[in-house]
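Colleague: Could we go through this model together? I would like to begin with a strand and helix arrangement.

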Amino acid sequence: MFRKVLASLLVPLFLLSLGLLMAGGQRANPRKGKVFFKKYCRTCHDGSIEAPVLQPITKTMDQWSREFEKTNHVQICLPRVTEQSKKVLITQDLIDIQSYLVQHAADSDQPATCSN
Amino acid sequence: MKNAKGFRTWTLVTILTGLFLALFSPGFAGDGDGEKGDKKDLEERIEKLERKVAQDRLKITGDLRVTLDNIDATMAGRFNGLALQKGIVDTLFFLGATGAFPSRPDDVGQYIAANYGDYLFFQNNLTFDNLKQSFGSFPAEAQGALFNMLLPNTWVPEQDYQNETLYTTRLRLNLRADVMENLSFNGRLTMYKTWGDSTGVQVFNGAPNSFTLDGTNAGTPNSDIVRVDRAYFSWKKLAGSKWYLSIGRRPSTYGPPYHIRDNELRQGTPNGHVVNYQFDGITLGYNLNHWLPGNTFRLCYGVGFESGFGSGDQLKAPADRLSDTQLGGINWDIYNTDEMNIQMTAFGAWNVTDGFNGLVVLPADPLSGNSINAPVVLRYTPSANLGDMYLMDILLERHEMNFSWFLSYAYTQSQPNPVTTPFGGMFSDPFETPEDQSGSSIYAGIRMPLGNSSHVGLEYNHGSEYWFNFSQGADDIIGSKLATRGDVFEAYWIHGFNKGLGRARANLRLSAMYYDYEYSGSGWHVGAPKKLDEMPILAFPTYQDALDLRTSLVIKF
């Protein structure tokens, strides 16, 4: 019985403590990315101007990854974002946005439009 | 020099000639014909793609999970209820034949051996009503004396139980088709088996997951049979309104917050604390997003037992025919965003029967208590409507910046009919009169990130003496942890093998789940719960405590 209690209580407590210690590290946060995407990207990419309409299901997971990693499409937009919103998007913000788009892409487990 | 000049002249002529030919030759011209050719080629390629997309009417995804469970448990000491039942039946035979109570149990055994033909005749004509009537006619002192004589011989001391390696494989294929605008089909086919067994039926050991039932057979290891776990259509925006309709085999398993422990997206509609059970039914929902984010109100209806087909209803006298078990209630996502989910589920189950249609191998006759030596597959059909049941749950689920947590409270209330069967009545023993009972349960959990690709989590749930829910379809090997009358602690670590920033398509999960049972009958509405540390009378072996160490690998495709 003692072994069971030990395994059932002390081990998870240890793991949770470890988790708490490591929780402060940098991670992709798709929820934050969703807010940023709607606030800073969709202002142009919503069909109101000539910029193409973009929402997560517009592209596949790989296409979104390429968009952020292999082309300069995102970099081109950054000055306009700063100009319009006075917000300077840092690398972590872009990772958050990318994770939101990838996790809700057309071929993801949870495809999403900007309305959900 | 002359040669050099001639070379330059020759070169110039060659270039000009080449340019002339290039500009005016049909295959190399930048004129309209070439553009038309490119456009035609492009259109043909797009048409092929469109045709292919139109023909792909079904989208198929799925997952394959392999698990290894290591179980270390203690079975509670008990008086064997089936042996006691046999003792009572045999004593009644002795009493009827001799007109006297036996002075000791051996007298009965010797008398039966000497008159075995009469004994078989007696057994064949025995009904539960006869048994109850005969036993009830005994004075209380006689009943006490009979129990005192029989009980000591039925004691089964506490036992250890270990299963060092139990492997299972689960294959799930998800189907989706967009039929037309706002109308879609969803399905899930599931195969779930232990390694080395594909019989499709288990020997009944007292646990709900040893019974092949409509509501549980896709959630408990069963066989290599591919079963229809889910199959329903959803029709959104009915007549342009915010109403939607969904009919079929429901997505009623692994609802919130059950998905958090598996690092999954929401898998089902009703709250997983009270419903983790396949059933067929109808949902009529209304979106109230304009009132609160994600607010969706659903009216749900389902059938738990159909009496009029397959159960030989027509063979029975009208008074003996059973009513269908009907399910109905509400599933209300009160507030549902990426950060928070507040959900309420409340429903009733009317005319609940003593078990549901299913396949089982019974090790003993519940009426006479005699062993059934040849393992015979039996289509079990309920014999009585035991009463009504009401369940409700309220859930708060939060996803903070770096961790997720939830708290859920559930309540159940029974309203039994004054009916019992050889297995008992609603929360009562066979020879008791059932009474209204209520039970409750709490379920709490937290999940934290551990590095970039892993999570750790801790969950706890507690169920009271009369706690009951419809979670028998959960794939916990020992038994649905959320049905436990007692305490369950679970700790887990999940490592996701991600591709880029997408959700993991492969997960390795290690978990330790410790059950500390306080009362018997977890997951059952039939029979009275017994406190396990008070030498209970139990028909089947029951876990006192159990530790399940599980390793699982899930591949999604």
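This is a predicted model: local features need pLDDT of at least 70, side-chain atom pairs count only at pLDDT 80 or more; totals for chains, interfaces and linings use all residues.

Modeller: In it, helix α3 (residues 81-98) of chain B lies across β2 and β21 of chain B, and α3 runs at about 40 degrees to β2(B).

Colleague: In what order do the strands of that sheet come?

Modeller: The order is β3-β2-β21 in chain B; these three strands form an open sheet with mixed pairing. The edge strands are β3 (155-156) and β21 (537-538), each pairing on one side only.

Colleague: Are β2 and β21 paired in the parallel or antiparallel sense?

Modeller: Strand β2 (residues 78-80) of chain B pairs with β21(B) in the parallel sense, over two bridges. Phe79(B) stands opposite Ile537(B) of β21(B).

Colleague: Changing topic: is Asn271(B) buried or exposed?

Modeller: Asn271(B) has 0% relative accessibility, and because buried means under 20%, Asn271(B) counts as buried. Asn271(B) sits in the loop between β8 (243-249) and β9 (280-287) of chain B.

Colleague: Which side chain does the side chain of Asn271(B) make a polar contact with?

Modeller: The partner is the side chain of Asp393(B), at 2.5 Å. Beyond its neighbours within four places in sequence, Asn271(B) is in contact with several residues, including Pro256(B), Gln343(B) and Leu395(B).

Colleague: And in chain A, at what angle do α2 and α5 cross?

Modeller: The axes of α2 (residues 30-41) and α5 (residues 91-103) of chain A cross at roughly 100 degrees and come within 7 Å. Therefore α2(A) is roughly perpendicular to α5(A).

Colleague: Which classes of residue make up that contact?

Modeller: The contact of α2(A) with α5(A) has seven nonpolar, three polar and four charged residues. Among them are Phe36(A) and Phe37(A) in α2(A), and Ile97(A) and Tyr100(A) in α5(A).

Notes:
Residues are numbered from 1 along each chain as its sequence is written. Chains are lettered from A and ligands numbered from 1 in the order in which they are written. Side-chain values use heavy atoms; hydrogens and water are left out. Axes are lines fitted to C-alpha atoms, for helices over the stretch in contact, and angles run from 0 to 180 degrees between N-to-C directions. Helices (H or I, at least four residues) and strands (E, at least two) are DSSP runs, numbered from the N terminus. Angles under 35 degrees count as roughly parallel, over 145 as roughly antiparallel, 65 to 115 as roughly perpendicular and the rest as oblique. Contact means heavy atoms within 4.5 Å. Ala, Val, Leu, Ile, Met, Phe, Trp, Tyr, Cys and Pro count as nonpolar, Asp, Glu, Lys and Arg as charged, and the others, Gly among them, as polar. Buried means under 20% relative accessible area, exposed over 50%, partly exposed in between (1.4 Å probe, protein chains only). A polar contact is a pair of N or O atoms within 3.5 Å; within protein, one must be able to donate a hydrogen and the other to accept it, and residues adjacent in sequence count only if both atoms are side-chain atoms. Two strands pair if DSSP finds at least two bridges between them.
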